[in-house]
Every structure is written in structure tokens, then in C-alpha cells.
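Here is a walk through one protein model. Keep the sequence and the 3D view side by side as you read.

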Amino acid sequence: IVMEFDDMKEAEWAAGYITKMQSKNVLQGFEDGTFRPNQPVTRIQAIATAVRLMGLEEEAKAKSPDIKLHFKDANLLDSQFAWAKGYVIVALEHGLFDAAEDRIQPDNPASRVWVSSLLVKALGLQAEALRQMTKIPDFTDANSIPAGAVGYVNVAVEQGIVSGYPQGTFQPNKNV
């Protein structure tokens with residue numbers, strides 16, 4: 001495992017967090033020795049991270065690439081993100097997707113609210129998130145957080161998965 005990426009000076013504030021998650025095999029860099037800390041995290045990268053967080057990477061890698069998925073953009077996964085298909089299957093089997101999600105959108109940037117929900121589910125904290133669905137988050141832009149995600153954001157903040165910005169906002173639709 002490379003503990004120092006060639007481009008970590010681009011985000012020195014995050015180096016400790018990245019190294020910690022890398023040592024737990026949750027985060028990985030790119031094959032060229034970079035981490036690319038200032039590029040948006042894609043949805044497929046977030047899904048792979050969530051599956052690794054659950055300790056299920058080997059299970060994901062063992063999934064058959066022949067399994068058919070019922071997403072409208074499943075062919076995009078097969079053609080451009082074949083390496084990640086097992087991660088998507090494991091994420092489906094463990095309830096990490098919302099029931100209304102009909103697309104993976106693997107190459108789209110992952111939003112803060114989507115990643116908050118994904119990681120809270122990966123940590124098995126759904127019940128706690130559901131208990132906190134009526135607790136309005138203490139952010140000046142709390143009204144921009146979807147009602148069905150409020151509990152997940154609350155738990156993600158409590159668990160230290162995500163925090164707000166210095167001006168008191170959460171910016172739920174901002175890219176990770």
C-alpha cells in the first residue's frame with residue numbers, strides 16, 4: 001500500500017483523513033500513484049468506498065460479471081465500469097440504494113447528501129437515521145436538504161462522516 005500519494009500537497013488538510021481510511025482499506029488511490037483529492041468523487045467511486053467500508057470488497061470482487069442489473073444505465077456499467085459491477089451488486093444486496101433509484105449514474109459526481117445517506121446505510125445506522133427524520137439539521141440551508149435525507153444527514157454529522165461549512169451551510173447538492 002502506498003501511504004503517500006504524489007499529489008497530496010494539493011489537499012494537505014485532508015492527508016490525515018485519507019491516510020487513516022487508506023490504512024483501513026476503505027480508500028484507494030489511482031494506478032498512477034495519485035489520489036486526485038481536488039477532483040469530484042464519482043458515484044461509482046463512492047459505491048466502491050461504501051462496500052469497502054462494510055468490509056465486503058472480496059465479496060464484490062467475487063460476483064459474477066454475468067449478473068444482470070435492472071438499472072436503466074446498466075449497459076454503461078458493463079461497458080465502462082466493469083471493474084465496479086460487483087460493488088454495485090453488493091450495494092444492492094445490502095440496501096445501499098434508495099428504492100426509487102433507477103440509474104447508477106456511475107460517472108456523475110456524487111453529492112454530499114447522497115454520499116451521507118450511502119455511508120450511513122453502509123455503517124448499518126439506518127434505524128438511527130429514521131429516528132432522526134424530524135430533527136431539522138442545524139444548517140442555515142437545512143431547507144435544501146431533501147426531507148427523506150434529513151435523518152441520514154443528522155447521523156452522518158453526528159458520526160463525523162461529514163460536516164458543514166464555516167458559514168453554517170451544508171450544501172447538500174455540492175459535489176464531494
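Which residues in α8 are buried? The model is predicted, and in it the buried residues of α8 are Val150, Gly151, Tyr152, Val153, Asn154, Val155 and Ala156. Helix α8 spans residues 150-158, and seven of its nine residues are buried, so the helix is largely enclosed by the rest of the structure. The cover over those buried residues includes α6 (112-122) and α7 (126-131). After α8 comes Gly160, with a positive phi near 75°.

Now turn to the nonpolar interior. In soluble globular proteins, nonpolar side chains tend to be buried together. The largest nonpolar core here holds 28 residues, and Ile44, Ile47, Leu77 and Val88 touch the most other members. Helix α2 supplies the largest share, six residues.

Take Ile47 as a way in. Leaving out residues up to four places away in sequence, Ile47 touches Tyr87, Val88, Ala91, Phe97, Ile104, Trp114 and Leu118.

Finish with Thr49. This residue sits in helix α2, which covers residues 43-53. Is Thr49 buried or exposed? Its relative accessible area is 17%, under the 20% cut-off, so Thr49 counts as buried. Thr49 and Leu119 are 70 residues apart in sequence, yet their C-alpha atoms are 8.6 Å apart in space.

Technical notes
Residues numbered from 1 in each chain as written. Predicted model: local features only at pLDDT ≥ 70, side-chain atom pairs only at ≥ 80, totals over all residues. Heavy atoms only, no water. Buried < 20%, exposed > 50% of the residue type's maximum accessible area, 1.4 Å probe, protein only. Helix = DSSP H or I, 4+ residues; strand = E, 2+ residues; numbered from the N terminus. Contact = heavy atoms within 4.5 Å. Core = buried A, V, L, I, M, F, W, Y, C linked by side-chain atoms within 4.5 Å.
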